[in-house]
Structure formats: structure tokens, C-alpha cells
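Student: I would like to learn how to read a fold from its coordinates. Where do we start?

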Amino acid sequence: MKEFELIKRYFSEQMIKRKDVVLGIGDDCAIVTPSERQNIAITTDTLVAGVHFPHETSARAIGHKSIAVNLSDLAAMGAEPTWISLAITLPEVDVKWVEEFCKGAFELCEFYNVQLIGGDTTQGPLSITLTAQGLVPHNTHLKRSGAKAGDWIYVTGEIGDAALALKHIFKEVNVAPEYRESVQRSLDFPTPRILAGQALRGYASSAIDLSDGLIADLGHICTASKVGANIVLDDLPISNALRDTVGLDKAYEMTLAGGDDYELLFTVSEDNKVGMETALANTSNTITCIGQINGSEKITTTLNSKPVSIHANSFEHFSGTKT
């Protein structure tokens with residue numbers, strides 16, 4: 001199957017047709033018309049086989065995750081996702097693989113009303129580069145640089161299970177059979193916290209999505225905001241699967257460093273806590289307060305109200321390893 005036949009058969013027939021897309025797939029550029037008084041949020045991510053997902057990952061999971069990691073970035077800015085462009089490099093044209101990839105990708109697009117408006121296909125080692133765009137009301141976007149001493153640190157959902165799934169895949173741990181499906185789903189089918197991000201507009205002082213690990217991503221907020229933070233290990237939202245598999249001490253380390261969670265980490269002032277909690281209650285997202293911002297410009301951890309040291313390595317992209 002040649003490139004343009006592949007595009008026409010699998011990528012041009014998406015069911016979502018947004019009214020703000022003037023011209024989609026088929027020309028040299030797409031044309032979109034953003035709404036009045038809206039800013040456009042834009043993010044790009046590349047996923048490479050063997051670096052960002054194991055080679056044995058199913059095509060459907062790769063399709064889902066390619067979309068999810070980009071929508072998660074939009075969620076961290078409080079944006080409503082609208083359009084995506086997809087550049088995919090394939091070792092060969094495997095029709096069944098492409099069908100499953102598109103199912104995974106378009107399921108998520110249809111759920112969030114996101115239209116594929118362009119991209120590229122080429123031959124080579126498997127990789128997916130996706131640009132996602134979204135709309136956010138003028139000057140209401142979330143950012144990393146607003147945290148202040150005294151703000152509370154929150155996270156959505158549970159964290160650490162994606163890292164646990166990877167350790168199981170690489171035979172570093174053995175996850176009990178009753179936990180394997182849910183843990184694997186955390187890795188392969190993350191849920192972008194779109195509604196939570198939109199609900200946080202006007203309440204959160206800073207926000208980021210958890211992709212490289214809690215310590216690393218909190219570090220981005222602290223650097224941008226010129227603040228420090230303390231994480232209360234007792235309060236980390238750890239699943240039974242993680243706790244039962246590796247024990248609490250190792251669970252703390254994996255929760256802080258694991259990455260691939262795609263939950264939202266955000267800060268809220270004392271004055272905005274009640275309003276934020278009310279807004280989030282309407283989105284079906286669970287949230288946990290895990291610490292507080294301070295003026296130290298360092299990140300510390302406490303357990304049972306006592307300072308402790310945790311060895312937590314974060315993901316470094318160009319090495320493909322933990323550092």
C-alpha cells in the first residue's frame with residue numbers, strides 16, 4: 001500500500017469533523033478558525049519504540065498513548081483539545097497494525113472531540129510525533145511559574161503503577177495476577193485529565209502533567225516559580241498493587257521517580273483550596289494533597305513528620321535511562 005492510499009484509507013476517514021476546521025487533510029496545510037477571545041495552546045511530543053514504549057506494546061495502546069500524552073500537556077495548561085497533526089514513521093506498512101493504531105488513537109479523539117487535520121507518513125524505525133492544539137479562554141491558562149510559598153501541592157489519581165508495569169515487563173518484579181491488568185492499563189492507556197485541567201483555571205497557581213516523575217516534574221514548577229517544596233510521603237496516593245508488590249519504601253521511590261503517570265500535579269493557595277475542591281468534585285477526578293510549597297528552593301521529603309532521604313531517579317530523554 002502506497003503512502004497516499006494509506007492516508008486516505010486510515011487517516012482521512014476520522015468521524016470527528018469540527019466546525020472550526022476550514023480545511024483538513026489533503027492540502028499542504030490545514031486551516032482552522034479559533035474562537036474569539038481564545039488563546040491557542042500548542043504541544044508536540046515524539047514517542048520512539050524501545051524508548052517511550054516497549055517494542056511489544058500493542059498497536060492500539062500505542063495509538064491511545066500517542067494521543068493521551070499530548071492531551072495531558074493541554075490538560076496541564078487548562079486547555080480544551082481541538083486539533084492534532086500526526087507524523088508516523090513505520091518500518092513497513094502492516095495493514096492490521098495501522099488499523100489497530102487508528103482505533104486506539106481515534107477512540108480518544110472522538111471522546112474529546114479532537115480532529116486529525118494533517119501530518120506525514122514515512123518509512124523507518126517506529127516512531128510517532130504528534131502536535132496537539134487546544135483552546136483556552138484569553139489569559140486564563142495554567143503555567144508552571146505561579147507557585148508561592150504556602151501553596152498546597154496536589155496530584156490527581158494514583159501514581160506509580162505505570163512504573164510498576166514496566167518493571168514487571170522487564171522481569172524486575174512480579175506483579176500478582178489480580179493486579180496485572182489494571183497495572184498494565186495504567187501504562188498503556190493513561191487518561192488525560194482534561195476536565196480537571198479546565199476546572200483548575202482560576203484556582204491553581206501552577207500546574208504540570210506527570211510524565212518524567214513526580215520529583216522531576218515538581219522540580220520544573222519549583223525552578224520556574226523560584227520556590228522549594230516538601231513532599232509528605234505518608235500522603236502519596238499509592239495503589240494496593242504497588243504497595244503489595246514492592247513494599248512501602250520501594251513504593252515511595254517509584255511513586256516519586258517512576259514517570260508515565262500523566263496525572264496532574266498542581267499548587268493551590270490556602271484561599272483557593274475550597275473553591276478548587278468544589279470545582280474538581282464535579283469532574284469525577286480524585287485529588288490528594290501531598291505537600292506544601294516553601295521558600296527554600298529545594299525539594300525535601302518527610303515521613304511520619306520527620307525528614308527522610310529518598311533516592312529517586314528521573315527519566316532523561318537522550319539517554320533513555322534513569323538519571
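Tutor: Start with the radius of gyration, which is taken over C-alpha atoms; the globule rule is 2.2 Å times the number of residues to the power 0.38. With 323 residues, a compact globule would come out near 20 Å, and the chain has 20 Å, which agrees. The C-alpha atoms fill a box of roughly 65 × 50 × 35 Å along the principal axes.

Student: What kind of model is this?

Tutor: This is a predicted model: local features need pLDDT of at least 70, side-chain atom pairs count only at pLDDT 80 or more, and totals for chains, interfaces and linings use all residues. Residues are numbered from 1 along each chain as its sequence is written, and side-chain values use heavy atoms, with hydrogens and water left out.

Student: How many helices and strands does the chain have?

Tutor: Helices (H or I, at least four residues) and strands (E, at least two) are DSSP runs, numbered from the N terminus. The chain has nine helices and 15 strands.

Student: How much of the chain is buried?

Tutor: Buried means under 20% relative accessible area, exposed over 50%, partly exposed in between (1.4 Å probe, protein chains only). Buried residues make up 49% of the 323 residues.

Student: And what share of contacts joins residues 24 or more positions apart?

Tutor: A contact means heavy atoms within 4.5 Å. Among contacts with a separation of 6 or more, such pairs account for 85%.

Student: How do I read a core?

Tutor: In soluble globular proteins, nonpolar side chains tend to be buried together. A nonpolar core is a set of buried Ala, Val, Leu, Ile, Met, Phe, Trp, Tyr and Cys residues joined through side-chain atoms within 4.5 Å. The largest one here has 49 residues, and Leu71, Trp97, Phe101 and Phe266 have the most contacts inside it. A second, separate core of 34 residues includes Ile153, Ala163, Val227 and Ile231.

Student: Which residues of helix H4 are buried?

Tutor: Helix H4 spans residues 161-169, and its buried residues are Asp161, Ala162, Ala163, Leu164 and Ala165. Their cover includes helix H5 (177-188) and helix H8 (240-257). Just after H4, lysine 171 takes a positive phi of about 60°.

Student: Is isoleucine 128 buried or exposed?

Tutor: Isoleucine 128 is buried, with a relative accessible area of 1%. It is found in strand E6 (residues 127-137).
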